[in-house]
Amino acid sequence: MAPAFAVPAAGPVRSVARPTTATTAGCSPVSRGAFVAAPAATATAVRLGGRRHAAWPRPALGAPRRGAAPAVAGGRTAPPPGTPYQLVVMATGDPAATYDYDVVVVGGGVGGHAAALHAVSRGQRTAIFTADDLGGTCVNRGCVPSKALLAASGRVRDLRNAHHLAALGLSVSGVSYDRETVAGHASGLASRVRENMGKSLAAAGVSVLSAKASLSGPNSITGSDGKTVTAGAIILAPGSVPFVPRGIEVDDKTVFTSDGALRLETVPEWVAIIGSGYIGLEFSDVYTALGSNVTFVEAMPDIMPGFDPEIARVAKRLLISPRPIDFHTNVFATKVTPGEPGVTPVRIELTNAKTKELQEVLEVDAVLVATGRVPYTEGLGLEGLGVELARGFVPVDDRMRVLTKAEGGSPIGSVYCVGDANGKMMLAHAASAQGVAAVEHALKGDTAHVVNHNAVPAACFTHPEIAYVGLSEPAAKEAAAEGGFELGKSLGHFRANSKALAEAEGDGMAKVLFNKGTGEILGVHIIGLHAADLIQECSNAVSQGTTVEELALRCVHTHPTLSEVIDEAMKGAVGMAAH
């Protein structure tokens with residue numbers, strides 16, 4: 001029988017569920033140096049007396065050794081009997097190889113950052129290529145600075161809303177803002193968050209490599225500085241960039257993507273936003289609060305096509321109709337010609353989506369292109385591993401392993417891809433969850449957890465907010481028809497919530513979609529005050545399989561809080577009355 005701390009000789013190390021903790025008591029120097037390898041495995045690290053050592057020898061399990069006790073990293077010899085250690089085993093890679101790192105991450109955004117921190121917390125020698133863009137899109141050009149703009153502009157909107165203030169017995173006059181200071185708030189926040197991310201990597205012991213990286217093999221990466229490093233597992237997290245359709249000329253002055261809009265270099269009098277998804281809707285909130293008129297240009301038949309249809313109708317009533325916003329649907333912006341700020345307007349040619357004929361020409365002060373994002377995979381070297389991209393996305397399986405192709409492809413066991421580049425769910429927190437899951441799979445193999453993307457929430461940070469998790473109502477109806485069950489639907493209302501009424505914010509609703517037979521929650525959609533925070537309870541319920549009955553009967557919600565909107569919806573699902 002193998003010693004208590006040894007990896008079992010039979011079968012690949014992927015059968016090992018977790019790191020092993022034991023001591024060296026009663027073991028000879030030979031056996032203490034021989035525990036680190038087994039079929040199809042690479043051992044990576046050992047903790048001795050609470051300190052991590054990263055380079056034990058890697059002979060086959062039980063292989064005879066001669067001479068002195070084996071040396072650990074730094075030239076130290078094996079510890080005396082009784083020293084506690086933790087064995088951490090990588091489940092991927094060439095069993096005969098010795099790598100520079102156990103895990104190397106390519107991309108310093110939220111997904112890559114999460115993967116790197118998780119890997120090092122699991123005792124892995126970890127490096128991350130950041131290409132001088134630590135924080136990635138989310139921190140530098142996305143989630144973080146946009147929330148700063150929304151916070152500042154939201155205060156302006158609130159203070160200028162005389163009707164709302166009067167309901168609270170308040171009045172304010174002469175509300176103004178300084179554009180440069182608002183923009184500085186956004187850029188300053190991004191800088192602080194980026195700095196904190198760098199500090200967290202340094203504190204954890206992650207090696208930060210500022211070069212741009214390219215795969216030079218299934219276990220090797222070459223940086224733009226010409227240096228090559230090897231790793232037992234490689235996690236790609238290159239992120240995405242704004243998509244600009246053909247015919248649209250971006251000059252970053254009068255025509256720009258979200259990257260340029262976040263700098264808030266101007267507040268145009270009239271801005272057209274091409275696309276009415278999350279990005280476009282949030283920027284319409286910012287611009288109208290600061291005094292702009294907005295025109296949406298949407299290729300689909302209805303505005304806000306990515307939202308649940310019922311929620312979109314409520315959003316139109318709350319976020320579009322009362323504001324200086326109009327829209328054109330079923331049209332493409334086939335040609336956009338930049339103007340000269342303060343001199344000539346931007347010219348937009350609108351083409352009918354059905355007839356493909358020129359329908360109208362708009363002239364505006366500025367255009368924001370918010371037509372989605374595309375994966376940034378240029379220069380990654382995936383073609384050298386025989387990978388066929390799927391519409392630009394990196395094909396992966398449920399374990400985040402890169403596949404040679406989307407349909408019928410084989411996994412490349414040592415290479416993973418997380419975040420926007422794999423196209424599964426282009427959200428920062430989804431990327432983070434995928435990064436953790438990729439590391440877990442590299443360590444544990446198929447015993448590791450799989451990310452349940454149906455339980456990952458999404459939010460639009462307008463005023464009021466929109467959030468959801470799971471299926472939309474049309475998708476839930478389709479699932480019910482295919483599964484042969486009856487779909488249930490229950491609503492909760494902000495107008496019946498004491499906390500919302502205290503804030504004079506009674507607009508909005510929560511909708512729960514569920515399987516009437518089992519109580520399984522299929523989807524939850526919320527529009528209203530702090531919807532982005534309220535959705536988390538529902539996300540956790542979907543993740544853990546909590547039923548509507550369990551939430552209605554066993555979960556107590558604080559009174560008076562906005563969470564009682566969810567309570568009302570869950571109680572309604574089982575025929576209970578909320579009070």
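Buried means under 20% relative accessible area, partly exposed lies between that and the exposed class, and exposed means over 50%. The exercises below apply this to a predicted model.

**Exercise 1. Is Arg399 buried or exposed, and which residue is its salt-bridge partner?**

Step 1. Arg399 has a relative accessible area of 17%, so it is buried.

Step 2. The partner is Asp446, with 3.7 Å between the closest N and O atoms.

Step 3. Arg399 sits in the loop between strand E20 (373–375) and strand E21 (401–403), while Asp446 sits in the loop between H10 and strand E23 (458–460); the pair is 47 residues apart and links distant parts of the chain.

Step 4. Asp446 has a relative accessible area of 48% and is therefore partly exposed.

**Exercise 2. Describe the largest nonpolar core and the surroundings of Ile466.**

Step 1. The largest nonpolar core has 39 residues, and Leu281, Tyr287 and Ile466 have the most contacts inside it.

Step 2. Elements that give two or more residues to this core include helix H4 (143–160), helix H6 (179–204), helix H8 (278–289) and strand E19 (366–369). H9 gives the most, with seven residues.

Step 3. Beyond four places in sequence, the contacts of Ile466 include Leu281, Phe307, Ile311, Ala315, Leu319, Ile526 and Ala531.

Step 4. Another core, of 27 residues, lies apart from this one; among its members are Ala455, Phe494, Ala510 and Ala569.

**Exercise 3. Classify the aromatic pairs by ring geometry.**

Step 1. A search of the whole structure gives two aromatic pairs.

Step 2. Tyr278 and Phe307 have ring centres 4.6 Å apart and planes at 25°, so this pair is stacked. Planes under 30 degrees apart meet the cut-off for that class.

Step 3. Tyr278 is in helix H8 and Phe307 in the loop between E14 and H9, 29 residues apart. Tyr278 is partly exposed at 26%, whereas Phe307 is buried at 8%.

Step 4. Phe283 and Tyr287 have ring centres 6.2 Å apart and planes at 35°, so this pair is tilted.

Step 5. Phe283 and Tyr287 are four residues apart in helix H8, which means a separation of about one helical turn. Phe283 is buried at 6%, and Tyr287 is buried at 1%.

**Exercise 4. Locate Asn422 and list its contacts beyond four places in sequence.**

Step 1. Asn422 is in the loop between strand E22 (411–417) and helix H10 (428–444).

Step 2. Its relative accessible area is 8%, so Asn422 is buried.

Step 3. Asn422 is in contact with Phe393, Val394, Val396, Met400, Cys417 and Gln434, leaving aside neighbours within four places in sequence.

**Exercise 5. Which residues form a nonpolar patch on the surface?**

Step 1. Leu553, Val574 and Met576 form the patch, with about 240 Å² of accessible area together.

Step 2. Met576 is in the segment after helix H15 (564–573) and is partly exposed at 31%.

Definitions and conventions. Residues numbered from 1 in each chain as written. Predicted model: local features only at pLDDT ≥ 70, side-chain atom pairs only at ≥ 80, totals over all residues. Heavy atoms only, no water. Core = buried A, V, L, I, M, F, W, Y, C linked by side-chain atoms within 4.5 Å. Buried < 20%, exposed > 50% of the residue type's maximum accessible area, 1.4 Å probe, protein only. Contact = heavy atoms within 4.5 Å. Patch = residues over 30% accessible without salt bridge, like charges linked within 9 Å, V, L, I, M, F, W, Y side chains within 5 Å. Areas by Shrake-Rupley, 256 points an atom, 1.4 Å probe, with all protein chains shown as cover. Salt bridge = Lys/Arg side-chain N within 4 Å of Asp/Glu carboxyl O. Phe/Tyr/Trp six-rings, centres within 6.5 Å; stacked < 30°, edge-to-face > 60°.
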